There are 4 protein chains.
Amino acid sequence: MLRFESDYLEGAHPAVLEKLTSTNYEQCPGYSEDVHCDNARKLIQAECGMDAAVHFLVGGTQANTTVIASVLKAHQGVLAADTGHIAVHETGAIEATGHKVLTLPHTNGKISAAQVEAYVAAHYADAAFEHTVQPGMVYISHPTEYGTLYSKEELTALSTVCRKLGLPLFLDGARLGYGLMSDASDMTIKDIAQLCDVFYIGGTKVGALFGEAVVITAPAVAKDFRYHIKQHGGMLAKGRLLGIQFEALLETGIYWQISKYADDLAKRIKNAFVENGFTMAFDSPTNQQFVVVSEEFVKKVQEKFSCSLFERRANGDCVIRFCTSWATQESAVDELVAFISANPAV
Amino acid sequence: MLRFESDYLEGAHPAVLEKLTSTNYEQCPGYSEDVHCDNARKLIQAECGMDAAVHFLVGGTQANTTVIASVLKAHQGVLAADTGHIAVHETGAIEATGHKVLTLPHTNGKISAAQVEAYVAAHYADAAFEHTVQPGMVYISHPTEYGTLYSKEELTALSTVCRKLGLPLFLDGARLGYGLMSDASDMTIKDIAQLCDVFYIGGTKVGALFGEAVVITAPAVAKDFRYHIKQHGGMLAKGRLLGIQFEALLETGIYWQISKYADDLAKRIKNAFVENGFTMAFDSPTNQQFVVVSEEFVKKVQEKFSCSLFERRANGDCVIRFCTSWATQESAVDELVAFISANPAV
Amino acid sequence: MLRFESDYLEGAHPAVLEKLTSTNYEQCPGYSEDVHCDNARKLIQAECGMDAAVHFLVGGTQANTTVIASVLKAHQGVLAADTGHIAVHETGAIEATGHKVLTLPHTNGKISAAQVEAYVAAHYADAAFEHTVQPGMVYISHPTEYGTLYSKEELTALSTVCRKLGLPLFLDGARLGYGLMSDASDMTIKDIAQLCDVFYIGGTKVGALFGEAVVITAPAVAKDFRYHIKQHGGMLAKGRLLGIQFEALLETGIYWQISKYADDLAKRIKNAFVENGFTMAFDSPTNQQFVVVSEEFVKKVQEKFSCSLFERRANGDCVIRFCTSWATQESAVDELVAFISANPAV
Amino acid sequence: MLRFESDYLEGAHPAVLEKLTSTNYEQCPGYSEDVHCDNARKLIQAECGMDAAVHFLVGGTQANTTVIASVLKAHQGVLAADTGHIAVHETGAIEATGHKVLTLPHTNGKISAAQVEAYVAAHYADAAFEHTVQPGMVYISHPTEYGTLYSKEELTALSTVCRKLGLPLFLDGARLGYGLMSDASDMTIKDIAQLCDVFYIGGTKVGALFGEAVVITAPAVAKDFRYHIKQHGGMLAKGRLLGIQFEALLETGIYWQISKYADDLAKRIKNAFVENGFTMAFDSPTNQQFVVVSEEFVKKVQEKFSCSLFERRANGDCVIRFCTSWATQESAVDELVAFISANPAV
């Protein structure tokens with residue numbers, strides 16, 4: 001079986017394991033107050049071109065919950081696309097911290113500045129506005145859950161509206177590398193850092209064993225953040241593990257190289273589908289590809305290639321997802337492309 | 001500097017890193033539904049002599065919060081020693097889930113069956129008992145935060161009272177190995193599994209990079225536990241990492257061997273102090289040793305050996321803590337013992 | 001100005017004030033453990049034909065929050081119509097207790113047994129179901145926020161599905177009297193008590209100064225409920241005030257008489273609108289009437305009659321709400337009817 | 001039986017009921033946006049000599065929870081005496097909002113500026129301070145749960161320290177009238193308003209049917225407070241009820257007169273005990289008196305006079321509490337005093 005169902009099928013990029021091994025006997029203070037975390041912080045600040053606060057957390061749900069709970073006051077909620085990970089796939093982690101996720105209808109996984117502005121205007125226009133949750137921040141993911149990207153224009157507009165309205169803008173970058181290295185991206189990480197108040201550089205899905213680097217550019221959000229990390233069970237005793245991994249991924253640019261590598265392989269898969277008459281469910285330029293296929297195709301492809309079933313439509317069609325990562329073999333993609341060509345849509 | 005200030009100074013036992021490396025390219029489903037987690041579960045069930053539910057979490061605060069929040073109803077609190085980790089050092093993580101920690105005065109870090117029974121009796125004897133938090137479960141740590149141990153008789157009494165009163169008994173085993181391998185222990189892990197409703201086998205402080213194996217023996221506590229893990233940000237995408245580490249530690253008994261090794265080294269340190277006229281703050285038979293020393297001694301010892309300052313007493317005396325682990329060098333202990341002999345208390 | 005914008009414009013039915021005054025110097029124990037609360041409990045149990053637990057709370061949001069937070073476990077949410085009061089107009093009170101409101105699309109303010117069954121089936125059919133909130137109970141309002149009613153057949157179907165699935169069924173009866181006394185109702189309060197696990201008899205909007213009587217028919221829900229009342233700030237020191245009011249409303253049937261009275265007046269208003277060519281936004285048989293009118297009509301009617309603006313539609317039409325209560329004057333309705341006849345829709 | 005066990009045995013001062021009755025048919029908008037609430041706000045602002053925000057809530061636990069949850073950020077707790085109502089008698093209502101109550105040892109129910117300063121200093125001196133809850137505000141009660149009072153010097157010192165440390169100071173005034181009208185008081189309500197950031201004027205225990213007037217002098221605390229009221233179920237539909245009651249109590253000074261009346265009666269009871277050889281458990285100058293008596297005395301006194309048993313001491317002695325209020329009859333006090341004289345301590 002050649003596996004394409006997720007981008008966290010394997011362990012870590014070899015450079016990560018090597019560095020964990022070579023530093024294993026170093027004695028470090030705990031809780032990310034060690035030299036490796038410091039070094040990783042500096043590497044990230046350099047990437048961002050900014051003296052931001054950088055904290056290392058273990059996973060995405062933890063990062064989302066910790067950031068959002070640290071920002072919101074008790075009567076506030078977070079605006080998000082109705083397809084946002086926090087709205088759908090975190091077992092109510094945000095609500096468990098006392099806050100409502102205020103959903104906006106998505107367009108290809110994205111929300112717009114205009115939607116945020118209209119929501120906030122409608123909130124305060126309601127005579128009984130204090131009987132409803134106050135919007136207190138905005139959450140987006142980039143790439144989105146559908147692999148799509150915000151353009152620099154779109155993110156700038158969101159950022160401008162958020163700053164005008166006093167809403168911190170939080171970008172979930174669980175797959176940030178795949179987004180920034182995409183041919184379709186017109187942004188750099190420096191743009192992200194300038195436009196967002198807080199975001200994270202995902203490690204778990206981009207070459208690390210685990211780990212997300214939370215970058216906080218807004219001082220008000222950065223204040224006291226370590227308390228929140230501890231309260232949410234995210235203060236890793238051997239915090240070094242996170243620093244070491246981000247050092248390994250960033251010091252020679254591996255993070256960006258493997259992101260590009262995976263995006264290129266995903267593009268080959270996408271092209272194969274399109275060229276063979278299939279319709280992509282979303283026009284994703286990153287490492288996740290969603291394609292509309294028949295149920296028969298699903299059965300046949302799954303004999304040799306694993307993928308994830310994303311949606312079963314009323315007409316019998318299915319949407320299936322193929323992911324690539326640093327660990328995806330080119331030969332596996334060759335085989336998949338050959339299979340697609342041999343089984344065209346028409 | 002020879003470091004003794006904690007038991008999480010280094011990375012992991014080499015066997016852990018080797019297994020992570022050798023399995024790195026295996027493709028596994030996420031979220032601990034892989035073959036390594038299954039295998040680690042079986043190893044743990046065999047150790048416990050029981051078909052218990054086993055879940056793998058990243059760290060101690062996360063394990064404590066997830067277990068306690070999954071057990072308590074909204075109007076209930078958790079009974080704990082006033083020195084318990086959840087009462088003191090988790091930034092209010094339990095309260096953040098809506099529950100009060102109901103503290104009992106500790107004796108050497110421990111609470112007794114009689115205290116639990118009296119607290120519950122007093123609760124229901126109060127005419128306004130519904131104006132106070134209902135005790136809903138009991139938390140203990142073993143070894144305690146002071147390195148001390150419950151005897152089998154003590155734990156049996158606690159377990160009996162808890163079962164009589166319908167209070168699940170939860171044992172925080174962040175340092176369980178050091179407890180069970182202590183000369184002073186009269187319990188096996190099978191006893192723990194029989195007497196507790198839920199406990200964990202600590203990995204972070206006993207040879208792993210990170211990870212705690214939560215063992216749930218009470219079916220009512222086990223039900224739906226994975227939802228709680230996800231809600232608390234503890235559902236590791238690459239759950240395999242936890243399974244692989246516990247496999248490495250348990251399949252050839254490394255977990256127990258390194259616990260014994262660290263306990264033996266700690267005993268050498270303790271003996272050196274006692275033989276040289278020092279008073280131990282607590283009579284710990286495990287890998288943490290707390291000794292009463294003068295401020296002058298603190299300054300001098302810290303020139304060469306790191307330790308943690310635990311308490312500064314009104315009379316100027318200090319309590320300092322020395323920890324050992326799998327990574328502590330015998331030669332470092334030799335040097336520390338020599339230093340103590342050269343600087344006796346009187 | 002003749003006011004119709006809500007059913008809580010005035011104080012209380014005179015019988016309520018009289019009883020509060022005549023009992024004012026009685027000395028009673030606090031916290032609803034007095035003879036008036038006991039008597040009111042018996043009156044309610046007799047109405048329900050069942051030995052249910054009865055608790056008195058001050059208001060609707062408090063009742064909703066206390067009931068729901070007392071029932072759900074940490075990983076569970078409550079199913080409700082997307083128009084449900086808890087989903088829309090309680091400033092995230094449910095989320096503040098840690099729970100997500102799981103919304104279902106409404107039909108005239110109602111949800112169906114089939115929707116609940118399908119939602120639960122889809123939840124468990126999802127391979128990653130533990131990454132989403134577990135449905136733990138069902139909330140409905142009767143009458144709904146749109147004045148509409150469940151038929152006995154619809155409520156029986158909901159009850160049957162809920163019991164099959166183990167989901168407690170909670171009915172928000174803030175306007176219960178208006179529902180049960182409607183010509184369109186085919187249910188008695190005994191039916192409600194048989195079919196629901198917990199519901200409340202609204203006092204605030206039906207003749208009392210304030211107060212809701214929560215009736216719990218399911219023993220598992222009733223257990224420990226007073227703790228939850230206290231925790232949510234609902235344990236009124238002078239609990240007698242609630243008992244006295246429900247005594248006054250129920251001992252001679254005032255509650256039902258004034259509900260019928262208000263429904264009859266509302267029907268006259270509805271008929272006047274329909275007969276004069278207006279479209280009702282919802283076919284409400286209770287004391288709230290929603291009618292579609294032009295913006296011009298709104299301006300004109302509000303010169304003499306207050307009503308609430310419920311919705312402004314894209315085409316310029318408005319939906320406005322008229323409410324009646326025990327305190328609505330027949331002469332005021334006469335004038336409103338005359339106004340409608342003088343200003344027909346066409 | 002002559003009852004002295006609490007100050008909420010009867011309904012309300014007659015002026016309150018009369019005003020509720022005389023205004024019953026007025027039509028008012030809901031949610032405390034009516035003319036009576038506005039008028040009561042002005043009366044209170046005049047009393048306080050300050051243009052403060054004033055909100056009306058139903059009860060004490062609700063007021064405490066709403067204020068505290070509105071002030072604290074997620075990682076913060078509230079400092080309070082270990083005897084504070086929020087620490088002991090609110091079924092964990094504060095913890096239910098996610099926050100730890102950080103207790104300080106009381107002295108006669110009070111805490112000092114020095115204690116607050118030392119706690120905060122120790123917090124930040126701890127190397128692992130982010131592993132513990134950050135102190136975020138200070139709660140005191142005045143009179144305390146033991147009837148005792150802060151002097152102006154003590155409250156000024158607390159206020160000064162709190163402002164220096166950036167901790168809002170919150171005063172629970174459930175029995176504020178009894179405090180300010182005590183012979184022992186050297187403060188006015190203007191002093192309270194100047195020194196505290198938020199406090200409340202208790203109505204439930206001082207002549208109202210129910211109700212607490214929350215006065216917020218700090219703009220940062222006042223912001224968005226109505227959202228919090230609604231979220232905590234405290235937004236009374238017929239908010240007028242609260243405005244009307246405070247109007248009745250304040251427009252002719254009834255609030256202060258009945259407080260003085262009750263304090264004077266309590267003083268007679270205290271003097272009788274002291275003169276007959278009894279020891280007061282606390283030196284209370286307000287309407288609650290706690291006296292140490294034998295178990296035999298308890299039995300005998302309770303044949304004719306109800307009181308509350310506050311504590312049963314190891315030596316067999318009991319502490320019992322006698323309360324007075326606006327409704328206490330002078331003749332009842334005469335009888336109690338006679339009883340005490342006839343049953344002296346020795």
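Mentor: Happy to! Chain A can be laid on chain B with an RMSD of 0.0 Å, by a turn of 180 degrees and a shift of 0.0 Å along the axis. The two copies are thus related as by a two-fold rotation axis. Do keep in mind that this is a predicted model.

Trainee: What percentage of the contact residues of chain A recur in chain B?

Mentor: Here we look at which residues of each copy make the contact. The same surface serves both copies, and the share of chain A contact residues that recur in chain B is 100%.

Trainee: By what rotation is chain B superposed on chain D?

Mentor: This pair can be described with a rotation and a shift along its axis. For chain B on chain D the shift is 0.0 Å and the RMSD is 0.0 Å. The same surface again serves both copies, as 100% of the contact residues of chain B recur in chain D. The rotation that superposes chain B on chain D is 180 degrees.

Trainee: Now to the helices. Are α12(B) and α13(B) roughly parallel or roughly perpendicular to each other?

Mentor: Helix α12 (residues 240–250) and helix α13 (residues 254–275) of chain B pack with their axes 5 Å apart, at an angle of about 65 degrees. Angles of 65 to 115 degrees count as roughly perpendicular. The two helices α12(B) and α13(B) are therefore roughly perpendicular.

Trainee: Which class of residues makes up the contact of α12(B) with α13(B)?

Mentor: From α12(B) come B:A248, B:L249 and B:L250, and from α13(B) come B:I254, B:Y255, B:W256 and B:I258. By class, the contact has no polar and no charged residues; its seven residues are nonpolar.

Trainee: And in chain D, which residues of α13(D) meet α12(D)?

Mentor: In chain D, helix α12 (residues 240–250) and helix α13 (residues 254–275) pack at about 65 degrees, with axes 5 Å apart. By class, their contact has seven nonpolar residues, with no polar and no charged ones. On the α12(D) side are D:A248, D:L249 and D:L250, and the residues they meet in α13(D) are D:I254, D:Y255, D:W256 and D:I258.

Trainee: How many residues of α3(C) are buried?

Mentor: Let's start with the length of helix α3 (residues 60–71) of chain C: at 1.5 Å a residue, its 12 residues should span 16 Å, and its end C-alpha atoms are 17 Å apart, which agrees. The buried residues include C:T61, C:V67, C:I68 and C:V71. α3(C) is mostly covered, and its buried residues number 11 of 12.

Trainee: Is D:L167 buried or exposed?

Mentor: D:L167 sits in the loop between α7 (152–165) and β6 (169–172) of chain D. Beyond its sequence neighbours within four places, D:L167 contacts several residues, among them D:L79, D:V116, D:M137 and D:D197. Buried means under 20% relative accessible area. With a value of 6%, D:L167 is buried.

Trainee: What distance separates the C-alpha atoms of D:L167 and D:V138?

Mentor: D:V138 is one of the residues in contact with D:L167. Along the chain the two are 29 residues apart, and the separation of their C-alpha atoms is 6.5 Å.

Trainee: Which residues of chain A does D:Q231 touch?

Mentor: D:Q231 belongs to helix α11 (residues 225–231) of chain D and counts as buried at 5% relative accessibility. Leaving out residues up to four places away in sequence, D:Q231 touches chain C residues including C:E90, C:T91 and C:G92; on chain A it touches A:A74 and A:H75.

Trainee: Does C:N108 count as buried or partly exposed?

Mentor: C:N108 is in the loop between β4 (101–104) and α6 (113–125) of chain C. C:N108 has a positive phi of about 55 degrees without being a glycine. At 38% relative accessibility, C:N108 counts as partly exposed.

Trainee: One last thing: which kind of peptide bond joins B:H142 and B:P143?

Mentor: B:P143 is placed in the loop between β5 (134–141) and α7 (152–165) of chain B. In chain D, D:H142 and D:P143 are joined by a cis peptide bond with omega of about -5 degrees. Between B:H142 and B:P143 omega is about -10 degrees, and the bond is cis.

Terms used. Residues numbered from 1 in each chain as written. Chains lettered and ligands numbered in written order. Predicted model: local features only at pLDDT ≥ 70, side-chain atom pairs only at ≥ 80, totals over all residues. Heavy atoms only, no water. Axes fitted to C-alpha atoms, helices over the stretch in contact; angles between N-to-C directions. Helix = DSSP H or I, 4+ residues; strand = E, 2+ residues; numbered from the N terminus. Parallel < 35°, antiparallel > 145°, perpendicular 65-115°, else oblique. Contact = heavy atoms within 4.5 Å. Nonpolar A, V, L, I, M, F, W, Y, C, P; charged D, E, K, R; others polar. Expected span 1.5 Å × (residues − 1). Buried < 20%, exposed > 50% of the residue type's maximum accessible area, 1.4 Å probe, protein only. Least-squares fit on C-alpha atoms with pLDDT ≥ 70 in both.
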